[in-house]
Every structure is written in structure tokens, then in C-alpha cells.
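The following paragraphs lead a new reader through one protein structure. Please keep the sequence and the model in view while reading.

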Amino acid sequence: MSSITPMVTTTAPTHNHPPSIDRLTFLLDKPNSIRHLLQTHALLLRHNLHHHPTLNFKLQRSYASFNRLDYSVALFRQTQNPSVFFWSSIINSHSKRGLHHLALTFYTQMLTNGVEPNCFTFSALFKSCPIVTGKVLHCHAIKFGFDSDLYVRTGLVDVYARGGDVVGARELFDTMPEKSLVSLTAMITCYAKRGEVDEARVLFDGMEERDVVCWNVMIDAYAQHGMPNEALLLFRRMLVEKVKPDGVTVLSLLSACGQIGALESGRWVHSYVESNGIRIDVQVGSALIDMYCKCGSWEDARLVFDRIGGKDVVVWNSMIVGYAMHGFSREALDLFSEMCRIGYRPTDITFIGVLNACAYAGLVSEGEAFFCSMKDQYGIEPKIEHYGCMVNLLSRAGKVEEAYEFVKNMKIEPDPVLWGTLLGACRLHGNIALGENIAEFLVGQNLANSGTYILLSNIYAAAGNWEGVAKVRTLLKNSGIQKEPGCSSIEVNNKVHEFLAGDKKCPRSSEVYTMIEEINQWLKADGYTPQTETVLHDLGEREKAQSLEVHSEKLAIAFGLISTQPGTTLKIVKNLRVCSDCHAVTKLISKIIGRKIVMRDRNRFHHFVNGSCSCGDYW
């Protein structure tokens, strides 16, 4: 017993009469700290009560609750003929902490010692076991007659759900005579992970009672599968039903706000966090920084960053990537230097931010040095995202052929996004021959998308090759590829308003189109000429110009102008790369009306101020 004999001075009474069993049970059930638990243990030793079955059991369990599994195991090993309850408790202590292999070892030893499991044993084992082991244990549960027990069946549903076996999980779930809250949540989680959000919602809506966990699972399902508006709507319903959100809810909501650029909603969530005592730890802090950066407010992101105590590398990464996303290269690189000086070790995410910062600032040699240091200095193997950053870096600097050679010599297979970056560089720098080669390669490999054809068409148009433009239009038509519809959104008064090209569903549609006409007059007076060559449809010049006028980002800007006070910054989110005509128009609008317009497209942020854009016309 010497290995775990407490070496502390007890404050317990020193009289000869031991405390009652009830009193000791109370002390073991509710220890205030590990020190108090050690004192109680010392008291048991002094009065030779450490072998008392109930007190020994509770002592083991309490040590485990303080993560002192070494003490708990040592006591267990010295227990004479431990009952199934002792075995189940030690198994549960390991399983709860993800130590499944050790939990399974204890289970095997229990069977070897001739002790049969009970329902609590299986419930404990199922908490962390992988599906392969879970199926074996499922057979054991059937053999010992516990597979129909509510808690065992709930654990089995969770095992199959975690393992992605939705059919097995649903079969077990459907045959449960009584559905527990935990089994329902496990089934909803299973559907959510597979992206079957509608099926998850059907189960969710059918629940008679819901705790914060199942609300979180459903909200996160929407946030993770590209349905942020639904996530925010469900959160509002959660508040109406008076369910109190927790830190997990907040993380999902901030992700949803970031996806659609809902800055006002994000600020409301931040305010809710602060007013309801939810601690802004590194996880919530990182999520807030990410949300503010994606919503176009890097200033708010920096305020959060500066207030977080005990920052970890994830917090630093969030701010570095945020600065780079907005094109603030010097701030990103300065922060990286400070992070390294303090002693934090960069991760692969850090270098995505650093390389993007170098690309936006034209720091080619510095970017190449950072890329080499990933492997040589930090032992980080570059991923496709890092190669994409290098292609962007070289392309922005006009080194298109060098970027092409870089792609051809990559150690991993380039993806369509990377080829698209290179094709965009060919458009910017007028390299028709290389652009044609890349486009032909993508078409031949079935990697082309609508963006491929649009970029190639822009390359031809910029060179005045109208025959080439017509050829691309025919290729796109014959390919059967449908262009992904452009969608732009703007948040006004805590509500996100979405627009498609030519959209007239908005309740204020007539006002929006009146503003479009007014914008057209401003542009005409400024000498603007529509870039009709970017339109791939077989239309006349007038029809092409009219189609450009009602692009989704222009409708969102028009709605912002009629819905906000003069001087208010407009923040637009576009699901695709902003087209060159809309980019040129937005620059002119920012100059004519004297407003800052922040636009986030698929590639980056654009800050339009007084006729110029932060991207330097490369995006």
C-alpha cells in the first residue's frame, strides 16, 4: 500500500473513535479537492477501513474523477475478489477518458477471473470503443442477455453512429421500445455527420424533450453543411423555447455568421457571450477572430485577439490568416515574427497565412524562403494549399511560366483550384498560349468547370480574339456544364438579404431596380463602358450590357444604398469570384458616392475605397 499512501497531514479528528461509515461515504462522494480526498484516504488507513467494500469502491471512483487513475488502479489491484461493480467502475474510468484499449484489457481480465459483466459494464465499454470492437462487444451483450437494456442499446446506437454505420445504427434505434434522449441525439449526430441534414431534422422535430446537446448538434449540422441561415433561425427558436446556449452553441453560431458575413448577428453573439458569463477561452476567442475577419471587420478581430489571455498557436494563426485574407501583409508578417520570437512553433495553417501575405505584398523571395523553411526548419510537409499559395505568389509577380513549371514539378497532384489560379494569371498577364494549354488539359482530364471556360474566354477577349470567345462559348454549351449561379448577400438590421442575378424576389425590388438605373447614370457620366466580352451567352451587345447590370453583387449594393445611411460601409458576400465588370463598377461606385465597400468573394476580400481596390486588380 506504500505506493499510494497519502503523504499529507490530515485535519481529521485524532480521537480513537472512527467517523461513521455514512460520514466517510459523504466525504468520498463529495471531495472538494484532491488534497481533501487524500486526507480522507489517510483517515481510512488510520482506522483500518480502507478495505471496506463501499468505502474502497468510492475511493477508487473519486481518485478517477480527479484524473488520478494511477491511484485508482493501484487500489483496484489490491482489492480482494473485486465484484462486477468494481470491474465496471475501473473500465468506465478508462473509457470516459478515451483509453479504450486499457478499458478492454480490464474487461478481458474480468472475464478471465470468472466475473460476468452486467449492463453497466457494456455501457462503460461502448463510450469510446471503435465500431470494429463495438460489433464484437455487441455479440457479447447478446450472449449475456443485455442487448435489449435501454442503456446498453443506447450505447450500441452511439457506437454504430460514431462509426458511420447509419444502417446499423438506425436498425438498432428503430427496434428500441423506448427511445432515450441520448439515443435520439446519437442518431441525429449520425445523420448530421453524413450530411443527411433533412433526416436529422425530422428526428429533431419529433423529439418530445430536447437538451442543449441535441440543439447544438442540429445547429452545428446546418453550420457545417453550408446552411448558415438555417443555423441562425434554429438558434432563435432555441432562445424562444428558453434553452440556454453554451460554449458549443456559440462556436457553431460564429461559424454560421462567418460563412454568410453576418457581422451584426456575429456581434450579437459576441455580446451574448460576454453578458451570459461564457468564458472567452482560446477556442471561443479563435472562433470570434475568424468570424470577424470573415465578416470584414479585422479591427474587431484584433480587439478580441489582444484581450485573449494565454493565447495558443490557433489564436495566433486565426489573426495571421485574417490579416492575410484582407491583404494586410505587413501586419500578418509582423505578427508571425512576434509569435516566433515569443516561442510558439508555427503549424501548417500558420504558413498558409504567411505565404498568402507574401503573395499579396509581392514578396517573392521571402515567400520562397518561408516555403522552404516549412520542411527544412519545422518539418512540415507542404500540402496542396501551400502549393496553391506559391502559384499565387509567382503568378501575381508576373512569373507565370515559372509558376507553370512549379506546378508540373509538384510532389502531389494539382487540383482544379490550383489550375484555376494559374489560368487566372494567364488572363491577367495576357499569356494566351499557356492559357489555352491549361484549359485544353483541364477539359481533356474532365477537370474543367464553368470558371475554366469563363477565364479562357476572358483571355481571348482581352486579346481581341472574338473568334476564340465564340469557340469557348460553343465548348461550354456542348460540355453540358451548368454555371454555378452567382449569389450575393448583404446584412441590414440583423437580417441577411440574398440576391441572384436578375433577382426580383426582394420585397423592395422596384426600389432596388430604380437605384440600379441611377447607378447606371452615374457610371455613364464617369465614362464607364460595360465589359460585355465577359458574357458568354449568345446575346447582342445591348442584351449583354443589360445582363451585366443585374449581376447579384450590383443588386446587393443597390439594396445597401437604399437601406443604409449615407457614409455607411457596405459589406457584400459573393459565393463566386467577382467578375471583372462588377469589380470595375464597384471601384467607380466607391469613388462616386464616397462610401467604402467591402466585398468577400470566393478568393479573398476586396476593400473598395475612392475608386481603388485593396487587391490591386489581381484576384
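At what angle do helix 15 and helix 17 pack, and how far apart are their axes? The model under discussion is a predicted one. Two packed helices are described by the angle between their axes and the distance between the axes. In this model, helix 15 covers residues 247-260 and helix 17 covers residues 282-294; they pack at an angle of about 15°, and their axes are 8 Å apart. Angles under 35 degrees count as roughly parallel, and helix 15 and helix 17 are therefore roughly parallel to each other. The crossing in which helix 15 passes helix 17 is left-handed. On the side of helix 15, the contact is made by V250, L251, L254, C257 and G258, while helix 17 contributes Q283, V284, A287, L288, M291 and K294. Sorted by class, the residues in this contact of helix 15 with helix 17 are 8 nonpolar, 2 polar and 1 charged.

The loop between helix 16 (263-275) and helix 17 contains N276. This residue has a relative accessible area of 29%, so N276 is partly exposed. From N276 to P245 the separation is 31 residues in sequence and 9.4 Å in space, taken from C-alpha to C-alpha.

The secondary structure of the protein comes to 32 helices and 6 strands. Along the principal axes, the C-alpha atoms fill a box of roughly 100 × 55 × 50 Å. The protein has 619 residues, of which 51% count as buried. Its accessible surface comes to about 29200 Å², and 52% of that surface belongs to carbon and sulfur atoms. Among contacts between residues at least 6 apart in sequence, 64% join residues at least 24 apart.

A residue from another helix illustrates burial. T133 lies in helix 8, which spans residues 131-143. Its relative accessibility is 18%, and buried means under 20%, so T133 counts as buried. Leaving aside residues up to four places away in sequence, T133 touches H100 and L104.

N494 is not a glycine, yet its phi is positive, at about 65°. This residue lies in the loop between strand 1 (487-492) and strand 2 (495-500). With 38% relative accessibility, N494 counts as partly exposed.

N610 also has a positive phi in a residue other than glycine, with a value near 50°. The loop that holds N610 is the one between strand 5 (605-609) and strand 6 (612-613). Is N610 buried or exposed? Its relative accessibility is 57%, and N610 therefore counts as exposed.

Strand 6 itself includes C613. The relative accessible area of C613 is 12%, so this residue is buried. Not counting residues up to four places away in sequence, C613 touches H583, K587, H606, H607 and F608. C613 and V304 are 309 residues apart in sequence, and from C-alpha to C-alpha they are 26 Å apart in space.

Note on methods:
Residues are numbered from 1 along each chain as its sequence is written. This is a predicted model: local features need pLDDT of at least 70, side-chain atom pairs count only at pLDDT 80 or more; totals for chains, interfaces and linings use all residues. Side-chain values use heavy atoms; hydrogens and water are left out. Axes are lines fitted to C-alpha atoms, for helices over the stretch in contact, and angles run from 0 to 180 degrees between N-to-C directions. Helices (H or I, at least four residues) and strands (E, at least two) are DSSP runs, numbered from the N terminus. Angles under 35 degrees count as roughly parallel, over 145 as roughly antiparallel, 65 to 115 as roughly perpendicular and the rest as oblique. A crossing is left-handed if the near helix is turned anticlockwise from the far one by less than a right angle, and right-handed if clockwise. Contact means heavy atoms within 4.5 Å. Ala, Val, Leu, Ile, Met, Phe, Trp, Tyr, Cys and Pro count as nonpolar, Asp, Glu, Lys and Arg as charged, and the others, Gly among them, as polar. Buried means under 20% relative accessible area, exposed over 50%, partly exposed in between (1.4 Å probe, protein chains only). Accessible areas come from the Shrake-Rupley method with a 1.4 Å probe; for residues, only the protein chains shown count as cover.
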